[in-house]
Amino acid sequence: MRPKDAASLILWKHGPRGIEILMGRRHHNLRFMPGVLVFPGGRVDPDDHRAQPLSPLPADTRRMLEISATPARATALAHCALRELHEEAGLVLGEMAGDRLRPDFAPLSYLTRAITPADRPMRFHARFLIAEAHHAKGEIRGSGELEEIRFFALTELHEQPVAKITAMILAEFEAWLGTPATDRAHRQFIRIQGRDSRLPERRSP
């Protein structure tokens, strides 16, 4: 089965308990990963290709997205991540024009991507983007898909149920945080593929 394109956003902030990340607990009745904590995200919809952004993607973020996507698909992936943030958490990174999101791509950084193994019944090719929480507007509200959504301290996530792939993404995020901001765009990027293997990312186009 061909993996479905998807995108997630790691929205983070400095909180009283250190670094905190917005995550939600998937409903226990869901077929895919019930009861575990996940980042806001989902698969790309046709409407994501009709994004009217307030700002373009940063060059480094676009460069990394276009390793595995066309330019149009890269924009759709970024819109997907911010649309899912609004739908699942009620937060807006950009502005609303009626019921349509006009996304602000300027705060987005690229972290990594992950491809579900070929023998899984549901397969995704997910890209993980990063933004600081102060760029988002609104109040957090849950959705029918996520039973609990809030900022979790990195230190408490070790005690929470997360999928192995999510734990690997969190480790990549912590490594990103520990890299000087001036060096982040030039670090060795990886992709997670197969049985949770960390592979060096191929060169950008």
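The largest pocket is lined by 40 residues, and those nearest its centre are F32, M33, T116, F124 and A126. This is a predicted model, in which local features need pLDDT of at least 70 and side-chain atom pairs count only at pLDDT 80 or more, while totals for chains, interfaces and linings use all residues. Residues are numbered from 1 along each chain as its sequence is written, and side-chain values use heavy atoms, with hydrogens and water left out.

A pocket here is an open set of points on a 1 Å grid over the protein atoms alone, where a 1.4 Å probe fits, with protein on both sides within 12 Å along at least five of seven lines; lining residues have an atom within 4 Å of a point. A volume is the space filled by probe spheres set on the points.

| Largest | about 920 Å³ | 20 nonpolar, 6 polar and 14 charged residues |

Two or more of its lining residues come from each of α1 (59-65) and β7, and α1 gives the largest share, 4 residues. Helices (H or I, at least four residues) and strands (E, at least two) are DSSP runs, numbered from the N terminus. For the largest pocket, at least two lining residues each are supplied by β1 (4-15), β4 (41-43), α2 (71-89), β7 (109-115), β8 (124-132) and α3 (164-177).

Of these elements, α2 has 19 residues and spans 27 Å from first to last C-alpha, close to the expected 27 Å, which is 1.5 Å times one less than the number of residues. Most of α2 is covered, with 14 of its 19 residues buried (under 20% relative accessible area, 1.4 Å probe, protein chains only). After α2 comes G90, with a positive phi near 80°.

R25 belongs to strand β2 (residues 18-26). R25 counts as buried because its relative accessibility is 13%. Its side chain makes a polar contact of 2.9 Å with that of Q160 (a pair of N or O atoms within 3.5 Å, one able to donate a hydrogen and the other to accept it; residues adjacent in sequence count only if both atoms are side-chain atoms).

Definitions and conventions
Ala, Val, Leu, Ile, Met, Phe, Trp, Tyr, Cys and Pro count as nonpolar, Asp, Glu, Lys and Arg as charged, and the others, Gly among them, as polar. Buried means under 20% relative accessible area, exposed over 50%, partly exposed in between (1.4 Å probe, protein chains only).
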